[in-house]
Amino acid sequence: MQGVAIPISMVPGNSVLHRLNPLPKLALAIGVLIFSFATRNPALLGIVFAIGLMLVTIGKIWKAYLRVVMILFPIYLTLIVLQSIAPAFPRPWTPIVGFGPFTIYQEGIYSGVSMLARILCMTTYALIMIQTTHPSDLFTSLQKIGMPYVLNFILTVTLQLLPIIQSEFAIVLSAQKSRGMKGTGFGAILPSMVPVFVGAIERVQQLSISLEARAFGSSGRKTSFRDVSMRVKDYIALVLSLVFPILLTTWVVLDKSLDWSRSMVFPPTLSIILVSSCAIGFVVYFIIAVSYVLRV
Amino acid sequence: MANGLIRCENLWHIYKTGKVVALQDINLTIQAQEILGVIGQNGSGKTTLVKHFNGLLKPTSGRVIVGGVDTARKKVQELSSQVGYVFQNPNHQLFARTVEEELEFGPRNLKLSDEEVIERREKAIEFFNLNPYRKLHPYRLSFPVRKLVGMASIYTMQPAVFILDEPTTGQDHVTTRIVYRLIERLREDGFTVICVSHDMILLAEVVDRILVMRNARLIADATPREVFADLQLMHSTHITPPQITELSLRLRESTLQKVCLSVKEMVETIQDVMSGSRPTQSFNN
């Protein structure tokens, strides 16, 4: 339990991406998010995803990136399986093959693949932003463009409390195990959760007192210990990361021929292999995950 | 038991994260009905050592044998009926709605019958004098009482060994005295008590054997009198003995021969010296 850390944090490094101002990275992540929702075209999403992977290589964050992808992996698999039997798509649907009550639809495969591509795009760019940026830098630059300090602070504190609560949970768990509690199962929820939550609430109360004692919320302009400057290359990156998604988005919105949902046809064998391997993959992953958790 | 209740043989512990060597080659034997103190600076390995006694940590190499069984093959839950661990902060383990329910949690985990659970609960309430609080929510109690509830919740498991992590920290004088008394009573009832503590008065007056830890090593294992008299040891571990002991150590060269651990002892020693070497008239002034 103690060794499991949340992978959503900065990977220390000194790559180009690490040295870049947080704003262009944030702009790019939001831009790609908007773009991914604007199109269903798997080819375009795939290209954007591939560019994202290149950035992952530049940022040297492959290890941390893959850890998050591993956590999200079952979601990717279920997306394909569920979408192909119940597409989030306007009817009519073209059936490919049926297994008893379930039918795999042509549109479903398309919908599943494109949604997967969307999610991959969004998570990749969001992770590039998060894993190459020091949280304080991010919040400092957000503050510079006018985000209220209190809101900023809430976000920072939440991020900082997570690892503390995690370690508290480990202590509580060992305290209750010392009283003979079984480490898993329904009976373990109350004895281990109550102390963690009560402790978290007490901690927050103390935090607010100590914050007020240190003049939190006083009027006037705040200064920051960390200074984030915008240099020429940051401006260039900002322009690029704004222009690239905006152009792409306008293109996919205006050019209707990029909607391949009716024209792209998956051969039946390929579809069946895809869906069944995803389903099997999910089951295998699920079994591994459950046995890992029950090991405690 | 001839081989001791708890035995560590060449115990090493290296934390997986960070590769910190927390224990280096610890060898010791703990007999039944001992009151043991474990001292050392923060980070010297005290807590790591005692966490091996109830299986919360497993040796990286070497062995820990509790009641004749190697802990490496036992789960914490299985060892909990033999070795009870009272955590420093009672808030980490109190969760039930009433003190009574809290005390029943341990024995229920041991799968005891209802009558036995209630019997043990009542025994614990009596032993720790918790009768006025039995229907209250543990979080409504004052910190010292909460700490007693924490100890009582382990007492209901009736383990042969009690591990108390900082039993007197953050408590007022009265409850500290109550805790000392309880520790002594536990021993009278046949339990073994291991205290991890920085409370020098507890160590001097209650404990009968002290383990001194420094930099992951066990550097001394002796009676409080021997430990506190060893000035070099005290200095190297940054431990200050109780003031009364310090006073008697400074007077040792000139007047007193004995190292005193408590005020009571000091009074007796001074009275002996004065009545022996001087006429009684000095008291009449």
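Among contacts in chain A between residues at least 6 apart in sequence, 80% join residues at least 24 apart, where a contact requires C-beta atoms, placed from the backbone, to lie within 7 Å. The structure is a predicted model, in which local features need pLDDT of at least 70, side-chain atom pairs count only at pLDDT 80 or more, and totals for chains, interfaces and linings use all residues. Residues are numbered from 1 along each chain as its sequence is written, while chains are lettered from A and ligands numbered from 1 in the order in which they are written.

Chain A holds 10 helices and 2 strands, taken as DSSP runs (H or I, at least four residues, for helices; E, at least two, for strands) numbered from the N terminus. Starting at that terminus, the order of elements is α-α-α-α-β-β-α-α-α-α-α-α. The C-alpha atoms of chain A fill a box of roughly 65 × 60 × 30 Å along the principal axes.

Helix 4 (residues 62–85) and helix 5 (residues 106–131) of chain A pack with their axes 9 Å apart, at an angle of about 160 degrees; axes are lines fitted to C-alpha atoms, for helices over the stretch in contact, and angles run from 0 to 180 degrees between N-to-C directions. Helix 4 of chain A is therefore roughly antiparallel to helix 5 of chain A, a term for angles over 145 degrees.

Turning to confidence, chain B averages a pLDDT (the predictor's confidence in each residue, from 0 to 100) of 88, and 95% of the residues score at least 70. For the complex, the predictor gives an ipTM of 0.84 and a pTM of 0.71.

How values were computed
Parallel < 35°, antiparallel > 145°, perpendicular 65-115°, else oblique. Contact = placed C-beta atoms within 7 Å.
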